[in-house]
Structures are given as C-alpha cells and as structure tokens.
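This report looks at how charged side chains pair and how nonpolar side chains gather in the model shown here. Please keep the sequence and the structure in view while reading.

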Amino acid sequence: FFQIENNFIVAQSPEGLIIIHQQRAHQRILYEYFKKKEGEKMNSQKLLFSQSIHLNKIEMESVKEMQKELNNIGFEFTRNTESLEITAVPTECINENLQDMFYGFIKDNEIENNNLQEKLNTKISKVLSRSLSVKSGQKMSEKEMKQLVNELMKCDIPSISPYGLSTYFNITSTEINKKFN
C-alpha cells in the first residue's frame with residue numbers, strides 16, 4: 001500500500017493494481033455505516049460547553065424538519081429564535097466543525113427537498129459521510145490505508161461514493177504489460 005499525492009491509495013489486487021480515491025472510499029464506508037444505524041438511537045457525547053450556531057428563519061425551519069433524525073443520530077440541541085444551542089454530538093463527530101456540518105445538512109435538505117423519494121436519513125447520512133471522511137491531501141499510515149481498503153471492499157456498493165462518483169478502478173496485469181510492449 002502506498003499513497004499518490006496523499007489522495008489516492010495504490011494496492012495490489014489479484015488482477016493487477018487497484019487505485020482508490022481515499023476520500024470517496026471513506027465516504028462510502030461511513031455512508032453505509034450510518035445507513036445501517038438508521039432508526040437506531042446512536043451514542044452521543046455531551047459537550048463541555050454548548051456550541052451556538054446562528055441561523056436565519058428559513059435555515060431554522062429546515063433544522064426543525066430534521067430534528068427527529070438529527071436527535072436519533074446523536075445530536076442534542078435546543079432551537080432559539082435565531083440560533084441552535086448544541087449540547088451533544090454523535091461520538092463520531094467530536095472534533096468536527098459543527099457549524100459547517102449543520103450548514104451542510106441545511107443545504108442538502110434545500111437542494112434535495114424536491115426529491116421526496118430520498119429519505120431525510122439518507123441526506124443526513126450523506127452529509128455526515130462527507131464531513132467525517134478522510135480528506136484529500138491527508139497523509140495516511142499503511143495500517144490506515146489497509147483498513148480503509150478492507151472496509152471499502154466489505155461495502156454493499158464499494159465502487160461508488162454516496163454522491164455517485166467512482167471510488168476506485170483496477171488496472172489489470174494485462175493492461176500494465178501492454179504499456180511496456
């Protein structure tokens with residue numbers, strides 16, 4: 001296992017090589033994790049100091065629509081006139097920028113609000129997977145790369161990120177040999 005530009009993981013496969021987009025792959029892993037937890041009350045971590053996020057009325061209404069689902073995944077907050085007071089977060093979110101995450105929830109809810117087929121839990125799972133994933137440019141240890149690759153291959157749909165983008169591609173030994181002939 002090795003990284004290219006701290007963005008792609010290269011590993012040997014039975015067919016040749018596999019090149020994995022680390023952020024998209026981790027998004028897929030996290031997305032499926034959160035989807036499997038759907039409907040379950042997830043663990044929360046109480047914050048030592050509550051965090052306040054200022055929102056306008058439209059944004060506040062969007063959060064109100066999602067409150068039950070956000071509570072189920074571990075967020076605890078109170079809604080005031082123009083702000084949220086967040087008192088607990090899912091254990092997976094401890095070091096995250098909560099303001100960016102909530103704006104992501106709101107943005108995805110507004111963009112995809114016309115698509116009634118997509119459940120609110122799916123939207124929240126997508127935003128969480130994007131917010132919590134390993135980022136492009138992040139250096140990973142060999143152990144972390146191996147774990148990410150193994151977890152990706154256990155996914156129901158390992159080849160596509162939650163946003164419909166490719167997570168990896170294979171280069172067969174035959175293709176490699178053709179390049180050298």
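Lys-154 and Glu-151 are three residues apart in helix H5 (residues 142–154), and about one helical turn therefore separates them; helices here are DSSP runs of H or I with at least four residues, strands are DSSP runs of E with at least two, and both are numbered from the N terminus. The two side chains form a salt bridge in which the closest N and O atoms are 3.4 Å apart, the term meaning a side-chain nitrogen of Lys or Arg within 4 Å of a carboxyl oxygen of Asp or Glu.

The model is a predicted one, in which local features need pLDDT of at least 70 and side-chain atom pairs count only at pLDDT 80 or more, while totals for chains, interfaces and linings use all residues. Residues are numbered from 1 along each chain as its sequence is written, and side-chain values use heavy atoms, with hydrogens and water left out.

**Charged pairs**

By the salt-bridge rule the count comes to three, as set out below.

| Salt bridge | N to O distance |
|---|---|
| Arg-28 and Glu-32 | 3.1 Å |
| Glu-76 and Lys-46 | 2.4 Å |
| Lys-154 and Glu-151 | 3.4 Å |

Arg-28 and Glu-32 lie four residues apart in helix H1 (residues 22–36), so that about one helical turn separates them. Arg-28 is buried at 6% relative accessibility, and Glu-32 is buried with a relative accessible area of 7%, where buried means under 20% relative accessible area, exposed means over 50%, and partly exposed is in between (1.4 Å probe, protein chains only).

Which parts does the pair of Glu-76 and Lys-46 tie together? Glu-76 belongs to strand S5 (residues 76–79) and Lys-46 to strand S4 (residues 44–54), so the pair links parts that are 30 residues apart in sequence. Glu-76 is partly exposed at 24% relative accessibility, whereas Lys-46 is exposed, with a relative accessible area of 53%.

**Nonpolar cores**

A nonpolar core is a set of buried Ala, Val, Leu, Ile, Met, Phe, Trp, Tyr and Cys residues joined through side-chain atoms within 4.5 Å. The largest such core has 26 residues, and those with the most contacts inside it are Leu-70, Phe-75, Phe-102, Phe-105 and Leu-128. At least two residues of this core come from each of H1, helix H2 (57–72), strand S6 (83–90), helix H3 (98–111) and helix H4 (120–132). A second, separate core of 13 residues includes Ile-9, Ala-25, Met-145 and Cys-155.
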